[in-house]
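Please open the model in your viewer and keep the selection panel at hand. The tour below goes from stop to stop, saying what to select next and what is there.

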Amino acid sequence: MDIINDEFNVKSGKRVEIIDITSNLNDLLKKQGINQGLVNVFARHSTAGIVINENESRLIKDFQNTLEALIPENNNYGHDLIDNNADSHIRAFFIGNSQTIPIKMGLLDLGTWQKVFFVELDGPRTRSFAVTIIGK
Ligand code: ZN
């Protein structure tokens, strides 16, 4: 059994952006020759998240619109007096910042429509996410 730690950079181009990172993870499994185990993806940020869902372009826009409707910008948040990004933190609080996914036959064992996304909530900027693989 191996334990592998890696890190990826991701560059967002908008304030809120949902970025598919599934191929980064599958490529890493292939490169490392890992066939079965678990992979953990962890965003070391308090205004970004990691989710699993479907990559359909209209649905991606629906996610963004719903985030904005549920947790609007500039809503008299106390934290906005400090650095004007309370909505980003609150959205991240509910989204969560990691996912753990089983590995089977050298690939992420996702459902047919599932993809893994890095969710930028206070871009644009360069971010990173950590990947830990426990497997063989
Ligand atoms: Zn802040």
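Which residues are buried in helix 2? Ile60, Gln64 and Leu67 are buried there, where buried means under 20% relative accessible area, exposed over 50% and partly exposed in between, with a 1.4 Å probe and protein chains only. Before going further, note that this is a predicted model, in which local features need pLDDT of at least 70 and side-chain atom pairs count only at pLDDT 80 or more, while totals for chains, interfaces and linings use all residues. Residues are numbered from 1 along each chain as its sequence is written, and side-chain values use heavy atoms, with hydrogens and water left out.

**Stop one: helix 2**

Look down the axis of helix 2: its buried residues fall within an arc of 60 degrees, so they line one face of the helix; the arc is that of the directions from the helix axis to the C-beta atoms. Helices are DSSP runs of H or I with at least four residues, strands are runs of E with at least two, and both are numbered from the N terminus. Select strand 2 (17-20), helix 4 and strand 7 (115-120) next, since the buried residues of helix 2 pack against them, contact meaning heavy atoms within 4.5 Å. The face turned away from the buried side carries the exposed residues Arg58, Ala69 and Leu70. At the start of helix 2, a side-chain oxygen of Glu56 comes to within 3.1 Å of the backbone nitrogen of Arg58.

**Stop two: the zinc ion**

Now select the zinc ion, whose protein donors are His79 (NE2), Asp83 (OD), Asp83 (OD), Asn85 (OD1) and His89 (NE2), lying 2.1 to 2.6 Å from it. Donors are N, O and S atoms within 2.8 Å of the metal (3.2 Å for Na, K and Ca), and because water is not among the atoms, sites may look incomplete. Along the chain, the donors follow the spacing H-x3-D-x1-N-x3-H. His79 lies in the loop between helix 2 (57-70) and helix 3 (80-83), and His89 in helix 4 (residues 86-95), so the pair ties together parts that are 10 residues apart in sequence. His79 is partly exposed at 28% relative accessible area, and His89 is partly exposed at 24%.

**Stop three: Arg127**

Finally, select Arg127 in strand 8 (residues 126-135), which is buried with a relative accessible area of 3%. Its side chain makes a polar contact of 2.8 Å with that of Glu120 and another of 3.2 Å with that of His45. A polar contact is a pair of N or O atoms within 3.5 Å; within protein, one must be able to donate a hydrogen and the other to accept it, and residues adjacent in sequence count only if both atoms are side-chain atoms.
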